[in-house]
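Morning, everyone. I have one structure to walk through today, and I'll keep it short. Please look at the screen.

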Amino acid sequence: MGLVGCLLGIIGFGFGLPIGLLIGFLIFIYNEPADVKDPIIRPLHDLDTSSLLDILPEIPFWMKHPDYDRIDWFNRFISDMWPFLNKAISGIIRSTVEPLFSEYTGKLKIISVYFKSLSLGTIPPIIHGIKVVETNQSELVLEPVFRWAGNPDITLETNLLSLKIPLQLLDVQICAAPRITLKPLVPTFPCFARIAVSLMEKPQVDFGLKLLGVDIMAIPGLYQYIQEMIRKQIASFYLWPQSLEIPILDGSVGATKKPVGILHVKVVRALKLLKMDLLGSSDPYVKLSLSGERLPAKKTSIKMRNLNPVWNEDFKLAVNDPQSQVLQLHVYDWEKVGTHDKLGMQVVPLRLLTPHETQEFSLDLVKNTNPNDPQNKKQRGQLVLQLTFNPFKEDNERFSGPLDRYASNQSSVGRLPKHDGSICGSGLLSVLIQRAEDVEGKYHNNPYALIVFKGEKKKTKLIRKTRDPCWNEEFQFVLEEAPLKDMIHIEVKSKGTRFSLFRRKESLGNIDINLNDVVYNGRINEKYDLINSKNGLICIEIRWEVT
C-alpha cells in the first residue's frame, strides 16, 4: 500500500500542478483590474502624531525651520556641474593623497599604494536648506544642511609582496549640518581671508567597504564599531566649537598662501643616463620646480656628450606649503633642432625634510609617477641632489621638528614678521603691486607695472583702457643677504595696440624705493607719488623675511 500510495501522490501532483497554473493564468487574463485610486493628499496639520514622525526626517529644513532658505537653483547648478566637479575634486584628492602613500612604499614589504579608480559617481549632493547668520563682526556665517547618497567608485590597491589587495569604498551616505564662516572680510578678491568650518552636530555617515571583494561591513559588530568610531573622530576635531581653518588670503596682503621658507637645492650629478644621440651619448640638463607654482621652472646648464654629468649647481625656491608641495625634477636631452628628449623624472615630497638639515638624495629616474607603467622598470640612471629647507625666523617654532609632523591647518592670517636683530642673513623679498591711480598717457592708457631689481625684470599683466589699474600681483626675489643698500625700481608703462599709429610704449611714471626701511621694519605698505607723472600714484607693499 505504501508504494501504491506514493505512486498515486506523484501522479496527482503531476496532474494538479499544470491544472492549477492554467486556472491561475485564466483568472489573471480575464480578471478586470480595478481603477487605480489617487493618493490621499492632506495638509500637515491634519496628520496624526505617528504619521508626522514617519515623514519628519524627509521634510527639508526650509519647511521645518523658517530661518532656512530653499536653494533649488543652486542644487540644479551643482547637478549640471557635477560631471566636471567630480573630475576636479577627484584630481585634487589624487594629487594630495598619493604623495602621502610614498611614505609607506618600501615599508612593511609594501611595494606600492595607489588609486586603481577614483570617482565620486553620478549623484551630486543636495542642499536641503541654508541659513545666513548675521553677526556684528567682520564675517559672513552660513549654515547649510546637505545630504549625499552617492555611488562613488573608489578603489585603493596595495601591492604587498606579489599580492594585490584592493579596498573598495561604495554606497556612501552623508548627512551633515556644517557652519561655514568667511572671515575676516577684506576689500580684496575673493573678499575673505580664510574659511572656518565646524559641525553643529555629529554627522550621519554610512558606507560599504569591500576587501578582496568581501563586504567586511557585514561582519557582526564591525559595522556599528566603525560607524561610532568615525562619528567620534570627526566630532573630536570638527564639532563646534572646534573648527577646520583654511587660509585663503594673507590678511592685509591679499595674496594666496604666503611663503613660509626657502628650499635650497643643489643638483650634484647624474649617473648612467640613457643614450639618446646617434653617437651613443646625451646632452643632459635638469629642470626643477615646486608643485602648485606657476613660476617658470629653473634649469641647470647643459653638459654636452656626457652620461655621467656633474653640475654642482645651486637653486633657491620659495616654499608655500611644505606639507603638501613636492619638488619635481625632470632630466632632458638637449636637441639643437626639435623637441628635447625626456631622459627621466622623479619627485621629492618636502614633508620628508627636516628644517635646517641638509639631506642628500640618490633618486632612481623613472618615466612617470604611475607605478604600474612597465616602462618604469627600465633603468634610466640616477640623479643625486642635496636639499635644505630653511623656514623663515617667524615660522621656526612651527617647524621645530620633521615636516611630516607639521600641522598644516594653522592659519597664517595677520602675522607680521618679527625680527630679533639678525636681519643680515639670506631671505625672501616679496613685492606686492596693488594698484595705481590717475596715471595718464599721452597716446594711450593700457598700463602695466615693470619691476627692476638687481638686473632682474618682472612685470604685471596689462590692463586696457584705464587710468586706475588694479593688479594685486606679488613677485618674489630670493636673496643671499639683506638688501640694506639696494634700491628697487618700479615703473608704470603703457603699451599701444598692434595697429597703433603712435608710439608702442610710453612711461606713465616711476619710483625708486630704498629697501633699508623694509629690512629693519619687516614690512612697508605705502602709497607713492610717481615721478614724471602729473597726478599718478602707486600702492605697493614690500616684505622682507629672513631664514
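Start with two tyrosines. Tyrosine 285 and tyrosine 332 are both buried. Buried means under 20% relative accessible area, exposed means over 50%, and partly exposed is in between, with a 1.4 Å probe and protein chains only.

A word on where this comes from. This is a predicted model: local features need pLDDT of at least 70, side-chain atom pairs count only at pLDDT 80 or more, and totals for chains, interfaces and linings use all residues. Residues are numbered from 1 along each chain as its sequence is written, and side-chain values use heavy atoms, with hydrogens and water left out.

Now, aromatic rings. Rings of Phe, Tyr and Trp (its six-membered ring) pair if their centres lie within 6.5 Å; planes under 30 degrees apart are stacked, over 60 edge-to-face, and the rest tilted. How many aromatic pairs does that rule give? The count is five. One of them is phenylalanine 74 with phenylalanine 77, which is stacked, at 6.0 Å centre to centre and 25° between the planes. Both residues lie in helix 4, three residues apart, about one turn of the helix. Helices (H or I, at least four residues) and strands (E, at least two) are DSSP runs, numbered from the N terminus. Phenylalanine 74 is partly exposed, at 28% relative accessibility. Phenylalanine 77 is also partly exposed, at 45%.

Back to our tyrosines. Tyrosine 285 and tyrosine 332 are stacked too, with 5.8 Å between centres and 25° between planes. This pair links distant parts of the chain: tyrosine 285 is in strand 12 (residues 284-290), tyrosine 332 is in strand 15 (residues 326-333), and they are 47 residues apart. There is also a cluster, in which ring pairs link Trp73, Phe74 and Phe77.

Next, charges over rings. The rule asks for NZ of Lys or CZ of Arg within 6 Å of the ring centre and within 35 degrees of the ring normal. Lysine 458 lies over the face of phenylalanine 477, 4.4 Å from the ring centre. Lysine 459 lies over the face of tyrosine 448, at 5.6 Å.

Which lysine has a positive phi although it is not a glycine? That is lysine 454, at about 55°. Lysine 454 is in the loop between strand 20 (447-453) and strand 21 (456-459). Lysine 454 is exposed, with a relative accessible area of 55%. Asparagine 532 also has a positive phi, near 65°. Asparagine 532 sits in the loop between strand 25 (523-529) and strand 26 (537-546), and counts as exposed at 66% relative accessibility.

Cysteines, quickly. A disulfide is counted when two cysteine sulfur atoms are within 2.5 Å. The count here is zero. Cysteine 470 is in no disulfide, and the nearest cysteine sulfur, that of cysteine 539, is 9.1 Å away. Cysteine 470 is partly exposed, at 42%.

Last, the second largest pocket. What classes of residue make up its lining? The lining has 39 nonpolar, two polar and no charged residues. Here Ala, Val, Leu, Ile, Met, Phe, Trp, Tyr, Cys and Pro count as nonpolar, Asp, Glu, Lys and Arg as charged, and the others, Gly among them, as polar. Helix 4 gives the largest share of that lining, 11 residues. So helix 4 brings us back to phenylalanine 74 and phenylalanine 77, which both lie in it.
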